[in-house]
Each structure stands twice: as structure tokens, then as C-alpha cells.
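Thanks for coming. Please look at the structure first.

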Amino acid sequence: MARSKEFEINEVLDKAIQLFWMQGYEKTSMQDLVDCMGIHRRSIYDTFGDKHALYLTALQRYESTQNKKMSFLVEKQEPVKEIIRQFLESSMRSEGEPQGCFIVNSGVELGVLDPEVASFVENSYSKTEKLLYDLVQTGQQRGELRISLEPEAISHYLMNAWLGLRTMVKTATDHGKLTSIIHTILITLD
């Protein structure tokens, strides 16, 4: 008879996300994962597969969580520029979270070394850019943003700015500087 799992999958997966996010893929050993997740090595292999499969599953869960946060922002029906401001501000470190962004960190660490991670990160970036494109178009349709703005170019710009912020927060300690950068980014929408 098979033993039942004595852990909640999403709970232990969230612990793996935190560890991978803080240390990166290469610096995280299987023993680190066992210690952090609080489950046996065999349980990790039986539930998630090897370290790489666990990493990809962790990326998927993180992306899903981030997408829910973005959907919540969009559904609030606030002015588009305010939604974009909140989106950019989401780059700033939240209490209890590691610095930066797990997906951005993954792209930087493994983008040229791991085709599966590179593909995942590129796909994730494309979805975010599409969301930004749709927001710009919505803002134009509502009369909130200039019609002369090119939605594709602006979505590329906003995506690049957001990625820069998500990278910069790993070392920036001046919250005012980050806020000033976000303000400058938003001026391009005026």
C-alpha cells in the first residue's frame, strides 16, 4: 500500500521558491532543499522529480502567483497610469521576500545555460509585455493616455524599465531613488 503524502505540496513548493529565489539554482543543493522544505529527499524526487524539474515547477508557481497579483491590479478598474505605477512599484522589495524577482533572477543566472529556463522566462516576459500593451491601448481608448503613443513601443519600454527596476532592487537601498525612477518612467506616458 502506498503511503500518503504528509505535507501540503504548495506549502513545500513555496519554501523551495524562497530558497531558489535567495540562492539561485546553482548554489542550492538537494540537501539545502531537504532542509528548507522539511521533507525527505525521496519525497522531493517522488513529488517533483529532480532538482531541475522542481526548479521549473517553482518558476511556474511563482509566475502564477505574480499573474494573480497583476490580474487583481487590472480588475480594480483604476486609471491605467495608476495601474502601471502600482505595477512598477511591485518591483520594490516586499517585507519577507528576497530581493529582486525570481523569474528575472532565473533569466540572468540561467538564460544562456538552460534552454528550458530561457524559454520559460522569455514566455513569461512576453505575457507581461502583452499585458502592458493591452493597458496602454485601454488607456488610449479611455482618453487617459495620448493617442500618439505607440502601444508596442511603449510596452517594450515599460517592460525594459520594469526589468531594470527588478534587477536594481537587488542592490539599491535608497527607496527615494527608486520612487524617483518610477516617477520618471510614468512621465513618458504624459
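Predicted model: local features only at pLDDT ≥ 70, side-chain atom pairs only at ≥ 80, totals over all residues.

On the H4 side, the residues are His52, Tyr55, Leu56, Leu59, Gln60, Glu63, Met70 and Val74. They meet Glu116, Val117, Phe120, Ser124, Lys127, Leu131 and Leu135 in H7. Sorted by class, this contact has 9 nonpolar, 3 polar and 3 charged residues.

How do the axes of H4 and H7 cross? They come within 11 Å of each other, and the crossing angle is roughly 5°. Angles under 35 degrees count as roughly parallel, so H4 and H7 are roughly parallel to each other.

Next, the pair H5 and H9. Helix H5 covers residues 80–89, and helix H9 covers residues 175–187. Their axes lie 10 Å apart, at an angle of about 145°. The crossing of H5 and H9 is right-handed. H5 contributes Lys81, Ile84, Arg85, Leu88 and Glu89 to the contact, while H9 contributes Ile182, Ile185 and Leu186. By class, the contact of H5 with H9 has 5 nonpolar residues, 3 charged ones and no polar ones.

Last, helix H6, residues 102–110. Which residues of H6 are buried? They are Phe102, Ile103, Val104, Asn105, Ser106 and Leu110. And what covers them? The cover includes helix H1 (9–23), helix H4 (51–75), helix H7 (115–141) and helix H8 (151–168). So H4 and H7, the roughly parallel pair, come up again here, among the elements that cover the buried residues of H6.

That is it from me.

Conventions
Residues numbered from 1 in each chain as written. Heavy atoms only, no water. Buried < 20%, exposed > 50% of the residue type's maximum accessible area, 1.4 Å probe, protein only. Helix = DSSP H or I, 4+ residues; strand = E, 2+ residues; numbered from the N terminus. Contact = heavy atoms within 4.5 Å. Axes fitted to C-alpha atoms, helices over the stretch in contact; angles between N-to-C directions. Parallel < 35°, antiparallel > 145°, perpendicular 65-115°, else oblique. Nonpolar A, V, L, I, M, F, W, Y, C, P; charged D, E, K, R; others polar. Left-handed = near helix turned anticlockwise from the far one by under 90°.
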